[in-house]
Amino acid sequence: MTRGGRREATYEAPPNIALVKYWGLRDRALAIPFNSSISVTLDRFRSRTTVRFASELAHDLVELNGAPATGGPRESVVRFLDRVRELAGTTDRAEVRSENNFPTASGLASSASGFAALAGASTAALGLRMSGRKLSQLARFGSGSASRSVFGGFVEWQAGHRPDGRDCFARPLFGPDHWPALVDVVLIVAGAPVKAVRSEDAMQSTVATSPNYARRLVELPGRIRRVRAAIRDQAAVRLFPLLMEECDSFREVCETTQPSLDYLTTTSRALLGEVRAINREAGRPVAGYTHDAGAHLHVFTLERDAATVRRRLAKTPGVERTLLLHAGPGAHLVE
Ligand code: PMV
């Protein structure tokens, strides 16, 4: 398809935050998770990735945020490109340039936006026709959460049941304009440790060693149904407690992993307590917290409470910066 020629494409993709977490692969080779997950695709931030395939290149050249990538990050991009080359029937090497318009250390998942953008750009560059579903199925091989960044708004990555993974893909639940009053207050905490173990390895160690993992898997289908319904009904009073229940369950399986996975700092823990206090004092669920495998917090609330919640949480010692995000559009080709 690219014989002798050069093909180039640029794609943009946003990060997402999981409301129900993906944590554990049932089939590692096929990147099939144990459970379905639900996320919100975030506005304002994006990875922008350009891929150019050229027959004269001897190696893949990978540049991330203006610097040549080496080691693990480069290898995961090359492995991903190998998969795309196989799909397209080409051996041409590629030049990949990717940039985030958000600081990589901000705790906004750059692997999700990065691999969704890489999936889009590399397949477009080779002229492969990809539906959103197919793109999500490809993106998950780079990073599971990337499968969800293909779509905007509220997205479900369904685990499926088939051993071959054909029913494992992400799909949009509700568009980015479904619930405009829902706000994500992101709290960037100081001194967040750099991840010691890659998520992909950490989650498999949870699967193998956490005594609470099996119970989590039993609880999840019911929680997924309730989260989906709360979003559908724009029912903040149902969604916020569910978010916290899910986040606590995720944290519990991490902490009971051997060796224990502890992603939070003293500040993150203080923020969890502060959100609980806000709800207790108001006598209603004003906000709901969640976090990924990192120390920064995402606190969902409604537009009318956002300024108060943000001001109060920003006072917690160790909070470096706050951001106000909403649901946004998914990955797209840049003409
Ligand atoms: O997509 P990965 O391999 O970086 O793993 C993501 C894991 C969590 O962010 C903790 C949960 C999720 O569903 O995004």
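**Note on the predicted model**

1. Asn65 lies in the loop that links β7 (61-64) with β8 (67-68). This residue is not a glycine, yet its phi is positive, at about 50 degrees. The structure is a predicted model, and the values discussed here are computed from it.

2. Arg44 is a further residue other than glycine with a positive phi, in this case near 70 degrees. Its place is the loop between β5 (37-41) and β6 (47-54). Most residues other than glycine have a negative phi, and most peptide bonds are trans.

3. The peptide bond between Gln258 and Pro259 is cis, with omega about -10 degrees. Pro259 belongs to the loop between α7 and α8.

4. On the α7 side, the contact is formed by Met244, Asp248, Arg251 and Glu255, while α8 contributes Arg269, Leu272, Val275, Arg276 and Asn279. By class, this contact comprises 5 charged, 3 nonpolar and 1 polar residues.

5. There are 14 residues around the ligand, of which Tyr22, Ser143, Ser145, Arg148 and Asp292 come nearest. A side-chain N or O atom of Ser145 is 2.6 Å from an oxygen atom of the ligand. For Tyr22, a backbone N or O atom lies 2.9 Å from a ligand oxygen atom. The side chain of Ser111 has an N or O atom 3.5 Å from an oxygen atom of the ligand.

Notes. Residues are numbered from 1 along each chain as its sequence is written. This is a predicted model: local features need pLDDT of at least 70, side-chain atom pairs count only at pLDDT 80 or more; totals for chains, interfaces and linings use all residues. Side-chain values use heavy atoms; hydrogens and water are left out. Contact means heavy atoms within 4.5 Å. Helices (H or I, at least four residues) and strands (E, at least two) are DSSP runs, numbered from the N terminus. Ala, Val, Leu, Ile, Met, Phe, Trp, Tyr, Cys and Pro count as nonpolar, Asp, Glu, Lys and Arg as charged, and the others, Gly among them, as polar. A residue is near a molecule or strand if one of its heavy atoms lies within 4 Å of it. A polar contact is a pair of N or O atoms within 3.5 Å; within protein, one must be able to donate a hydrogen and the other to accept it, and residues adjacent in sequence count only if both atoms are side-chain atoms.
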